[in-house]
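Please look over the sequence and the model below before reading on. The report then takes up helices, strands and cores in turn.

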Amino acid sequence: MDHDSYWKEKDRLNAKLKELYPRMFRFIGHEARMPIRLGLECGSGWYPILTDLFKDMSKYPVVIHQVKEKFGGLRVYWQEDGPMSEKDHQAVHDLVAKAEDRCWRTCENCGAEGQLVVANGWRYTHCDLCKDTDGWKERDALLEKLRAEGKLLTPYELMFGKDDDYIRKG
Ligand SMILES: [Zn+2]
């Protein structure tokens, strides 16, 4: 995916997240300097996990400040955005912990089964194929190859499915 299509795809994805979850993602594109204003900061291999997480989280009055990769793991920073019981607060905490746990076993780059890899001081959760790539250019080239072979969906499709079937399923 070249630079232009990457940003177009990212804009499309951000717009859809905001449209589906206006409360939870109200800081996407917002002038407040929340990290989430530019969208998600992790590889698209984790998007299917985030799809489930966002669906579940949106049942609660929460707002998301940041979604990112750190030290090879997923981090989701959120806050209450209305009255929440202690039980509901714990429920959201557990949903996030479950998603983080799934990410430790999923390649951040391509979504295949993965594990934590430490290389040159960097920590990634990668599959056997992606762990040998060096830098984002090589990782991106690998994703392009997999997409060309029909083995991988685009980031938007990984999040919402093909033909927006995510939205139809509700
Ligand atoms: Zn991979």
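## The model

This is a predicted model, in which local features need pLDDT of at least 70 and side-chain atom pairs count only at pLDDT 80 or more, while totals for chains, interfaces and linings use all residues. Residues are numbered from 1 along each chain as its sequence is written.

## Two packed helices

Helix α2 (residues 47-57) packs against helix α3 (residues 86-103) at an angle of about 175°, and their axes are 10 Å apart; helices here are DSSP runs of H or I with at least four residues, and strands are runs of E with at least two. Axes are lines fitted to C-alpha atoms, for helices over the stretch in contact, with angles from 0 to 180 degrees between N-to-C directions. The angle therefore makes α2 roughly antiparallel to α3, a term used for angles over 145 degrees.

## The hairpin

Strands β1 and β2 run antiparallel and are joined by 8 bridges, where pairing requires that DSSP finds at least two bridges between two strands. The two strands form a hairpin with 2 residues between them, and Phe71 in the turn has a positive phi of about 50°. Val67 stands opposite Val76 in β2.

## The largest core

The largest nonpolar core has 28 residues, and among those with the most contacts inside it are Trp46, Leu50 and Ile64. Such a core is a set of buried Ala, Val, Leu, Ile, Met, Phe, Trp, Tyr and Cys residues joined through C-beta atoms within 7 Å, and buried means that 20 or more other C-beta atoms lie within 10 Å of a residue's own, with C-beta atoms placed from the backbone. Helix α2 gives the most to this core, with 6 residues.

Conventions
Angles under 35 degrees count as roughly parallel, over 145 as roughly antiparallel, 65 to 115 as roughly perpendicular and the rest as oblique. A residue is buried if 20 or more other C-beta atoms lie within 10 Å of its own, exposed if 12 or fewer, and partly exposed in between; C-beta atoms are placed from the backbone.
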